[in-house]
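Hi there,

Here is the structure I promised to pass on to you. Have a look at it first, and then read on for what turned up.

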Amino acid sequence: MTTASLSDEHHQDLPAYVVKMLLKNRIGTVYDFVRADTDRLLRITNLSFEVLSAIKRDFMTRFSGTTVRVGEYFQYLGELIDPIPTGVRGLDALLRGGLLPGHVLEVFGEPACGKSQLCMTIAANVASRGGADPVDVFYVDTKCDFSASRVQSMLLAGKCSEEDAREAMQRIKVERIHSPEHLLGTVEELLAQIDQEERFGRFRVLLVNSLPALWYAHHNSSSSCYPVGMLTSLAGLLRKLASENMIAVVVVNLRIVSTDSGQQRVTQPALGRYWEMVPTTRLLMSRLDSGDKGQNRLISIFKCNYLKTDDRQMVTLSERGVV
């Protein structure tokens, strides 16, 4: 509700002398008028109950905010902003077109389930998109396992020519990170580069693989506030980078399985309760069952504000990456 000062111009049944009486009784804004008890307004203004009720309804219609369902809001954003296809058919179907610019998406799962392969596949597919508006990718490698030869083989296996593959790889900037401080400094530098419109200042996809590889180095730190404080800073920087610049941010996390008070196994992402609320969308990547040693993986929606939870798609690890 607006805090605009009351005026006889706001409503034809609210004359100037009534406004003066309201001001003397410390009812000076539209908000004050609407929230005031009707019996009190009757005594102050001498207006009829019907007139006061009509004025209140009119003020609430004209000056109140509009309530919008979260799902409808994200659908509205999706209509304004085209998603960035990842080139992974099952993942794009799950996300209704691809990565949504302006949002932080997390992929988490158990070790060696294919998360790094998925990140390299997304980087290769996004960077290889042709057309008049090619997309640059910034890849943060915290585990030193990014393989340029693997990305090149993905591109060539996907029927890219050698020249197209070379151009696509030039659009992927890889930064190896060895500490949380280094990661924070890199994200801050990216924000500065965007403001200055430098090379890779206009990238549209940021991939961070992975966060636990950095934060677990502080697991035995004497001060638990230090790593948590850095995680808080990172959350703010990633949200700012995404929302203010329409960049799709993808981070990789680990899956933790714990037991609740009822002895039920509970799946949750690593990095603690605070980080649980940071990503807009969280995807769980897993093998089809605990004994499956094949190349098929299941990607399911673990948390999302605009997509149906538990929707899932199957993908396959191959020489072309994740397909």
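Predicted model: local features only at pLDDT ≥ 70, side-chain atom pairs only at ≥ 80, totals over all residues.

Residues are numbered from 1 along each chain as its sequence is written, and side-chain values use heavy atoms, leaving out hydrogens and water.

**The chain as a whole**
The protein chain has 13 helices and ten strands, taken from DSSP runs (helices are H or I with at least four residues, strands E with at least two) and numbered from the N terminus. Of its 323 residues, 45% count as buried (under 20% relative accessible area with a 1.4 Å probe, protein chains only; exposed is over 50%, partly exposed in between).

**Two helix pairs**
Two packed helices are described by the angle between their axes and the distance between the axes. Here the axes are lines fitted to C-alpha atoms over the stretch in contact, and angles run from 0 to 180 degrees between N-to-C directions.

The axes of α7 (residues 115–127) and α8 (residues 148–157) come within 10 Å and cross at roughly 60°. On the α7 side, the contact (heavy atoms within 4.5 Å) is made by Q117, M120, T121 and A124, and on the α8 side by R150, V151, M154 and L155. Sorted by type, these residues are five nonpolar, two polar and one charged (Ala, Val, Leu, Ile, Met, Phe, Trp, Tyr, Cys and Pro are nonpolar, Asp, Glu, Lys and Arg charged, and the others, Gly among them, polar).

In the other pair, α3 (residues 38–45) and α4 (residues 49–63) pack at about 115°, with axes 10 Å apart. There, T38, L41, L42 and T45 of α3 meet F49, L52 and K56 of α4.

T186 is buried, at 6% relative accessibility. Beyond its neighbours within four places in sequence, T186 touches F138, E175 and I177. The C-alpha atoms of T186 and V140 are 9.1 Å apart, although 46 residues separate them along the chain.

Enjoy exploring!
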